Amino acid sequence: MSSTPDTAQAFAKHAASIARRAGVVLLEAREDAKAQGVSGRALGALGDARAQEAIASWLADEAPGDAVLSEEAKDTAARLDAERVWIIDPLDGTREYSEGRDDWAVHVAVWEAGELIAGAVAIPGEDLVLDSASITPPSAAAPEQWRMAVSRSRPPALVEHLRDSLDLAVVPMGSAGVKVSSVIRGQADAYVHAGGQYEWDSAAPVAVARAAGLHTSRIDGTPLTYNRRDPYLPDLVVCRPELASPLLAAIAQAPSFGDHQ
Ligand SMILES: Nc1ncnc2c1ncn2[C@@H]1O[C@H](COP(=O)(O)O)[C@@H](OP(=O)(O)O)[C@H]1O
Ligand SMILES: [Mg+2]
């Protein structure tokens, strides 16, 4: 890694600032939309567009020369040769945002020379921003019955198998960033996803989770890597480190495990 701890810290703070500002834009957009009677998919599209526009203009001013990979912008090959890439999900949990819920997030990650070096996740509905420079591990020990955060709208086929084989409590919620944050915050002990996702869904949350000392990997235990030509990154596990071995072993026994590749 070419970046020093000091520069990684500075990028984490910059990522947090952008995520926080985008959260304000999104909360305002939702208020404007409410006043104008805009709801449902149109509200989600408005949020995606407003947050993307704001983040793109801030990055153009504040990080000129860096490449960007964003869910809401056209991808170009320029990022593949770039030294540094900002990996952005302007609104993760668009569905939940449009439903007036709080489980949605803004993801801002910084990738440099092969590695995620910094990341920030804003959860504006809770007035919360987590970043890789100031995060600490979950404080309390895991309860006897582990809690697994899963997608509330698209839970993977693995979930039933894991619930039964490990006697887990399943906690459905929206947004990959919110689910990873729930593990960091000690509200859940693991987050498992399979069946589809992209680099922007996990890059920033994974950067923060790693800084908090959590286990992060693909569901087959291999490393999550970023800024690949194809940003499709369909599955992941984020969990307390002591859960990683039993959880990965149980995932490998799931009838649907072979489907993930
Ligand atoms: N099977 C799938 N294929 C593609 N993307 C998926 C997916 N399941 C979840 N995602 C994406 O992962 C994010 C979190 O989803 P969920 O809340 O269901 O866990 C969402 O991002 P966006 O809201 O940015 O589109 C969602 O689109
Ligand atoms: Mg997303």
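This is a predicted model: local features need pLDDT of at least 70, side-chain atom pairs count only at pLDDT 80 or more; totals for chains, interfaces and linings use all residues.
**Helices H1 and H2**

- Helix H1 covers residues 5–35 and helix H2 covers residues 40–62; their axes come within 9 Å and cross at roughly 145 degrees.
- The crossing in which H1 passes H2 is right-handed.
- On the H1 side, the contact is made by Ile-18, Arg-21, Ala-22, Val-25, Leu-26, Ala-29, Arg-30 and Ala-33. They meet a set of H2 residues consisting of Leu-43, Leu-46, Gly-47, Arg-50, Ala-51, Ala-54, Ile-55 and Trp-58.
- By type, this contact of H1 with H2 holds 12 nonpolar residues, one polar and three charged.
- H1 has 31 residues, and at 1.5 Å a residue it should span 45 Å; the C-alpha atoms at its ends are 45 Å apart, so the two values agree.

- Where the domains touch, 29 residues of domain 1 are in contact with 23 residues of domain 2.
- On the domain 1 side, at least two residues each come from strand E1 (67–70), strand E2 (84–92), helix H3 (94–98), strand E3 (105–112), strand E4 (115–123) and strand E5 (128–131).
- E4 gives the largest share of that side, with six residues.
- The domain 1 residues that touch domain 2 divide into 16 nonpolar, four polar and nine charged.

**Around ligand 1**

- Which residues come nearest to ligand 1? Of the 15 around it, they are Asp-92, Thr-94, Ser-151, Gly-174 and Gly-196.
- Both domains take part in this shell, since domain 1 (5–131) and domain 2 (147–260) each supply at least three of its residues.
- The shell around ligand 1 is made up of nine polar residues, five charged and one nonpolar.

Conventions
Residues are numbered from 1 along each chain as its sequence is written. Chains are lettered from A and ligands numbered from 1 in the order in which they are written. Axes are lines fitted to C-alpha atoms, for helices over the stretch in contact, and angles run from 0 to 180 degrees between N-to-C directions. Helices (H or I, at least four residues) and strands (E, at least two) are DSSP runs, numbered from the N terminus. A crossing is left-handed if the near helix is turned anticlockwise from the far one by less than a right angle, and right-handed if clockwise. Two residues are in contact if their C-beta atoms, placed from the backbone, lie within 7 Å. Ala, Val, Leu, Ile, Met, Phe, Trp, Tyr, Cys and Pro count as nonpolar, Asp, Glu, Lys and Arg as charged, and the others, Gly among them, as polar. A residue is near a molecule or strand if its C-beta atom, placed from the backbone, lies within 6 Å of it. Domain bounds come from an automatic or database domain assignment. The expected span of a helix is 1.5 Å times one less than its number of residues.
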